[in-house]
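Keep the 3D view open and turn it as you read.

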Amino acid sequence: MEVGTTITVRKVRIPEDVGVLEIFGQYDKRARYLRKTFNVDLAVRGSEILIKGSDERSVEAAHRVLDEIISITRDGHLLDWTEFEYLVEKVSNAESVKDVYSKNNGGPVLGRKVKPKTLGQKRYLEAVEKNDLVFVIGPAGTGKTYLAVAIALDYLKMGKVNRIVLTRPAVEAGEKLGFLPGDLTEKVEPYLRPLYDAIIDITSPDKFNSYRERGIIEIVPLAYMRGRTLNNSFIILDEAQNTTYQQMKMFLTRLGFNSKAVVTGDITQVDIEEGKSGLIECQKILKGIPGIEFVYLDESDVVRHPLVKKIIKAYEEYERSRKS
């Protein structure tokens, strides 16, 4: 701090049931991050944390971050590094994220292994609870597919549906799967691998294989969905940005009684003819219909490697500059 500069000081009380390690992380990694981010000094004095800085807004922001960390920790959730960075980003913009990590986040959906990590993901879970058809649109790494699978498995476990149907357009093969070797499942398997990986990660390979053998989990290429009516099912259409107008219309009319559908996609990565994506078109057609909700995720909802968020942001800025 420069001599003569007005210093703002704030104090945060450390509750008896929360340790300094839980607040600042191993080797004070979080404390170093907060000092660098907000340009403040942090020090522990007995049962208090002292925050000092020359910029009042930065000191207040650091104060809010520490308050939220303590509140979330007391609620029984230990933040990982990605969650901590997300908290700092949101609280810096005067947004609270405590509800995301509360014990009851997401209501009855999801088991203990999978929880929403961002405000956008929490809105996603709430939308599925309230609606029978949910479109989730956002960039890679925002948990669109993973959460859809987690919710579907939870609905299956609770007996709300009898089966899970997974489908995805096989754009690279032009939907002409007959030219590929193997049976129907083997032909479409490479395209549905991300869905398989999510199921196996949440359950186990043995459980996944058991579900498939018993027809509880059904893998269907989008081209083979025509003419079906799916009752008592949780249906996931992945990579929906690569559906045509007609494919999307056909898929949406497969929904039967006591069924839910989640449609996921990234409209910035359309691999079919530009402007012809069924996912882009349906946003205008279905807007405002009760029972249908669109959830939009962005780079702040990315929960993969920290570099993914920076890569997405860099590409968005580059694409905006090309259009201007």
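Start with the surface: the protein exposes about 17,200 Å², and carbon and sulfur atoms supply 49% of that area. Keep in mind that what you are looking at is a predicted model. How much of the protein is buried? Buried residues account for 46% of the 324 residues.

Now look for the open sheet. It has six strands in the order β6-β5-β7-β8-β4-β9, and the pairing is parallel. Which strands stand at the edges? They are β6 (217-221) and β9 (292-296), and each has a single partner strand, so one side of each is left without a neighbour in the sheet. On average, neighbouring strands here are turned by 15° against each other, direction ignored. If you like following side chains, here's a handy rule: in a regular strand they alternate between the two faces of the sheet.

Let's zoom in on one end of this sheet. Strand β5 (residues 163-168) runs parallel to β6, and five bridges join the two.

Lys284 pairs with Glu281, and their closest N and O atoms are 3.6 Å apart. Because these two are three residues apart in the helix, about one helical turn separates them. Lys284 counts as exposed, at 61% relative accessibility, while Glu281 is partly exposed at 23%.

Arg168 lies in strand β5 and Glu239 in the loop between β7 and α9, so the pair ties together parts that are 71 residues apart in sequence. Is Arg168 buried or exposed? With a relative accessible area of 14%, Arg168 falls under the 20% cut-off and is buried. Glu239, on the other hand, is partly exposed, at 26%.

Glu239 has another feature to check, and it concerns the backbone. Most residues other than glycine have a negative phi. Glu239 is not a glycine, yet its phi is positive, about 55°. Asn258 does this as well, with a positive phi near 55°. You'll find Asn258 in the loop between α9 and β8 (260-265).

Strand β2 (residues 41-45) and strand β3 (residues 48-53) pair in the antiparallel sense over five bridges. Arg45 has Glu48 in β3 as its bridge partner. The hairpin has two residues between its strands, and Gly46 takes a positive phi near 65° there.

How many salt bridges are there in total? The count comes to eleven. One of them joins the side chains of Arg10 and Glu56, at 3.8 Å from N to O. Arg10 sits in strand β1 (residues 8-13) and Glu56 in helix α3 (residues 56-74), so this pair ties together parts that are 46 residues apart in sequence. Arg10 is partly exposed, at 26% relative accessibility, and Glu56 is partly exposed as well, at 48%. Glu60 joins in too: Arg10, Glu56 and Glu60 are linked in a network of salt bridges.

Finish your tour back at the surface. Which residues form a nonpolar patch there? They are Leu307, Ile311 and Tyr315, and together they have about 320 Å² of accessible area. Leu307 belongs to helix α11 (residues 306-323). At 48% relative accessibility, Leu307 counts as partly exposed.

Definitions and conventions. Residues are numbered from 1 along each chain as its sequence is written. This is a predicted model: local features need pLDDT of at least 70, side-chain atom pairs count only at pLDDT 80 or more; totals for chains, interfaces and linings use all residues. Side-chain values use heavy atoms; hydrogens and water are left out. Helices (H or I, at least four residues) and strands (E, at least two) are DSSP runs, numbered from the N terminus. Patches are made of residues with over 30% relative accessible area and no salt bridge: like charges are joined within 9 Å, nonpolar side chains (Val, Leu, Ile, Met, Phe, Trp, Tyr) within 5 Å. Accessible areas come from the Shrake-Rupley method with a 1.4 Å probe; for residues, only the protein chains shown count as cover. A salt bridge is a side-chain nitrogen of Lys or Arg within 4 Å of a carboxyl oxygen of Asp or Glu. Buried means under 20% relative accessible area, exposed over 50%, partly exposed in between (1.4 Å probe, protein chains only). Two strands pair if DSSP finds at least two bridges between them. Axes are lines fitted to C-alpha atoms, for helices over the stretch in contact, and angles run from 0 to 180 degrees between N-to-C directions.
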